[in-house]
Amino acid sequence: IQQIGSGFRLGTCVHGRGRASVTHAVVVIFLEFFAWGLLTTPMLTVLHETFPQHTFLMNGLVQGVKGFLSFLSAPLIGALSDIWGRKSFLLMTVFFTCAPIPFMRISPWWYFALISVSGIFAVTFSVIFAYVADITAEDERSTAYGLVSATFAASLVTSPAIGAYLSAQYGDSLVVLVATVIAVADIAFVFFVVPESLPDKMRLTSWGFPISWEQADPFASLRRVGKDTTVLLICVTVFLSYLPEAGQYSSFFLYLRQVIEFSPAAIAAFIAMVGILSIVAQTLLLSVLMRTIGNKNTVLLGLGFQLFQLAWYGFGSEPWMMWAAGTVAAMSSITFPAVSALVSHSAAPDQQGVVQGMITGIRGLCNGLGPALYGFIFYLFDVELNDMEPAAGRPSQSTEKSVIPGPPFLFGACAVVFALLVAIFIPEHHQLAEVKTCSAHKSGTSSTAHAQNSSPLGTPTNDAEDIEPLLQNSSM
């Protein structure tokens, strides 16, 4: 990390106690998701004990409420961080995202309630992207976003395995304690070590600037989708492909544990395998494919991998099938980086923030709808949990004689089929039509700030000597 982070000297910014760098962002992301990764095994136990009836449905509703609240709050938090700086909002998002962790042992009901409500502030990635954009030059930003993305995957490679081991040896209480200590360390790191990334003159020129409803409206980017055919095709493709991905992420480990009968150690190993392969796919494989077959064909290939993976999850009933499908799932992780690159190459330089904001808005909406939809489909097909620890060699009651063990995954495969059909019509070389914002009449910092506020991935700028803020050729 130090070697890679040292490459971003042009984008660093000196404030307060030290020099803002990509390394700060990487450490914050790693600690936050490492703490949550430790809780993978204890969370499955607490979830089933708290909601013994309709566990999948309740899990979907909890995660769905959290995702939808994040979708609603992300534009407002991004807009406010443009005015008051990144550090204060980074501290706020990390604190409220990690706040539910100790309540897993104190009160499970409060734990799930806080998880749902924490979605209002659980937008750490949005603030981190803005932080990185503040301190990196345009030609370095793609690599910086890739580093943050790889750090997220790396944090989940080892933490579930460590959590499963500690849970088996010492009990869930110790795992929750360790996760709480790491979360507190992350908050302390943000408060004492992380410097402000937004230059003072940018914040001073924006101070007191009114936050309009258009800037804070999460549906603003969605209403602009239909103004360009290419944007519409890309957004429909993202919606149809990310909806099953968001639902899968919220329920898949519970599905492995209760329906396919994976042990906690097997789940941890599965996460590690998929995480490592995803890092390889998003770095080495993605760069080779982009150079050889192009953006659009890389998107189509990624969707093909996702279709194959979801169909295998839907019809598979044996553990080896899940392992094989997990390998394909790692390969499908190239889809969204390829979509972001396709958008970045097609959009005009002054439209990058707006168009990327549309894609981010679609994904945020899916984070709310996907988990709830998967939980509801599990409920419709009567896929319920029975015993927390099924007897060895005895098939689960919910999967016995079932032709389709995982109905939601098959539904997701159907959605990806439509995404493939839509993606075929996306032109690979096309200049997107200019998308005007309601504040286009404002000049200087005001208009640029509005473009940022449409997507928390950018940051306002004033003159040529400042770092170019808009998201360019994002590897995310």
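User: Is the crossing in which α2 passes α8 left-handed or right-handed?

Analyst: This is a predicted model, in which local features need pLDDT of at least 70 and side-chain atom pairs count only at pLDDT 80 or more, while totals for chains, interfaces and linings use all residues. Residues are numbered from 1 along each chain as its sequence is written, and side-chain values use heavy atoms, with hydrogens and water left out. A crossing counts as left-handed if the near helix is turned anticlockwise from the far one by less than a right angle, and as right-handed if clockwise. For α2 passing α8, the crossing is left-handed.

User: How are α2 and α8 directed relative to each other?

Analyst: Helix α2 (residues 22-38) and helix α8 (residues 124-135) have axes 9 Å apart and pack at an angle of about 165 degrees, where axes are lines fitted to C-alpha atoms over the stretch in contact and angles run from 0 to 180 degrees between N-to-C directions. Angles under 35 degrees count as roughly parallel, over 145 as roughly antiparallel, 65 to 115 as roughly perpendicular and the rest as oblique. The two helices, α2 and α8, are therefore roughly antiparallel.

User: How many helices and strands does the protein have?

Analyst: Helices (H or I, at least four residues) and strands (E, at least two) are DSSP runs, numbered from the N terminus. By that rule, the protein has 21 helices and 2 strands.

User: Is Thr50 buried or exposed?

Analyst: Thr50 is found in helix α3 (residues 40-50), and a polar atom of its side chain lies 2.7 Å from the backbone oxygen of Val46. Buried means under 20% relative accessible area, exposed over 50%, and partly exposed in between (1.4 Å probe, protein chains only). Because its relative accessible area is 11%, Thr50 is buried.

User: Which residues does Thr50 touch, not counting residues up to four places away in sequence?

Analyst: Contact means heavy atoms within 4.5 Å. Not counting residues up to four places away in sequence, Thr50 touches Pro108, Trp109 and Phe112.

User: Which residues is Gly364 in contact with, leaving aside its neighbours within four places in sequence?

Analyst: Gly364 lies in helix α19 (residues 352-380), and it counts as buried at 13% relative accessibility. The C-alpha atoms of Gly364 and Ala246, which are 118 residues apart along the chain, are separated by 9.5 Å. Leaving aside neighbours within four places in sequence, Gly364 is in contact with Gly67 and Phe71.

Key:
Polar contact = N/O pair within 3.5 Å; in protein donor to acceptor, adjacent residues only side chain to side chain.
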